[in-house]
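Please open the model in your viewer and keep the sequence panel beside it. The stops below say what to select next and what can be found there.

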Amino acid sequence: MTFSVTSPTLARALAEHDYTEATPVQAAVLDAKAEGRDLQVSSQTGSGKTVAIGLVLAPVLLAAEVAKEKPRVRTLVIAPTR
C-alpha cells in the first residue's frame, strides 16, 4: 500500500526519507476505520511501528501548528527495551 496522507508537509517528509510503501501496521493505522479511535498496536521488530505512531500524531500536531493552537493530543506509547 502506498502512503495516503492528506498533509502536504507529512507527505513531503515521508518522501524525503524514502517512505513509499506502507507496512501492514502503518496501513492499519492509516485506515479510515481507525480514525479517531484508540489504537493498540503490536507487531514484530522492524515492522514500522514507530513510523505508524508518527503517522497518527503528525496530522494533529501539524493542524494545531497551522491554527496557532496548543495541540490536543493524548498518547501513551509503551515500548519495552531489548
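Colour the chain by secondary structure and read along the sequence: in this predicted model, the pattern is α-α-α, with three helices and zero strands. With the whole chain of 82 residues still selected, note that 20% of the residues count as buried, and that the accessible surface comes to about 6,800 Å², of which carbon and sulfur atoms hold 54%. Among contacts in the chain with a separation of 6 or more, 41% are between residues 24 or more positions apart.

In soluble globular proteins, nonpolar side chains tend to be buried together.

Within that selection, centre the view on Leu10. Which residues does Leu10 touch, once those up to four places away in sequence are set aside? They are Val5, Leu55, Ala58, Pro59 and Leu62.

Is Gln26 buried or exposed? Because its relative accessible area is 2%, under the 20% cut-off, Gln26 counts as buried. A polar atom of the Gln26 side chain lies 3.2 Å from the backbone oxygen of Gly48, and, leaving aside neighbours within four places in sequence, the contacts of Gln26 are with Phe3, Glu21, Gly48, Val51, Ala52 and Leu55.

From there, select Ser47, in the loop between helix 2 and helix 3. Ser47 has a relative accessibility of 18% and therefore counts as buried, the cut-off being 20%. Show the side chains of Ser47 and Ser43 together, and a polar contact of 2.5 Å can be drawn between them. Beyond its neighbours within four places in sequence, Ser47 is in contact with Thr23 and Val25.

For the last stop, switch to a surface display and select Leu39, Val41 and Val56, which make a nonpolar surface patch of about 210 Å². Of these, Leu39 is found in the loop between helix 2 (24-30) and helix 3 (49-66). Leu39 counts as partly exposed because its relative accessibility, 40%, falls between the 20% and 50% limits.

Definitions and conventions:
Residues are numbered from 1 along each chain as its sequence is written. This is a predicted model: local features need pLDDT of at least 70, side-chain atom pairs count only at pLDDT 80 or more; totals for chains, interfaces and linings use all residues. Side-chain values use heavy atoms; hydrogens and water are left out. Patches are made of residues with over 30% relative accessible area and no salt bridge: like charges are joined within 9 Å, nonpolar side chains (Val, Leu, Ile, Met, Phe, Trp, Tyr) within 5 Å. Accessible areas come from the Shrake-Rupley method with a 1.4 Å probe; for residues, only the protein chains shown count as cover. A salt bridge is a side-chain nitrogen of Lys or Arg within 4 Å of a carboxyl oxygen of Asp or Glu. Helices (H or I, at least four residues) and strands (E, at least two) are DSSP runs, numbered from the N terminus. Buried means under 20% relative accessible area, exposed over 50%, partly exposed in between (1.4 Å probe, protein chains only). A polar contact is a pair of N or O atoms within 3.5 Å; within protein, one must be able to donate a hydrogen and the other to accept it, and residues adjacent in sequence count only if both atoms are side-chain atoms. Contact means heavy atoms within 4.5 Å.
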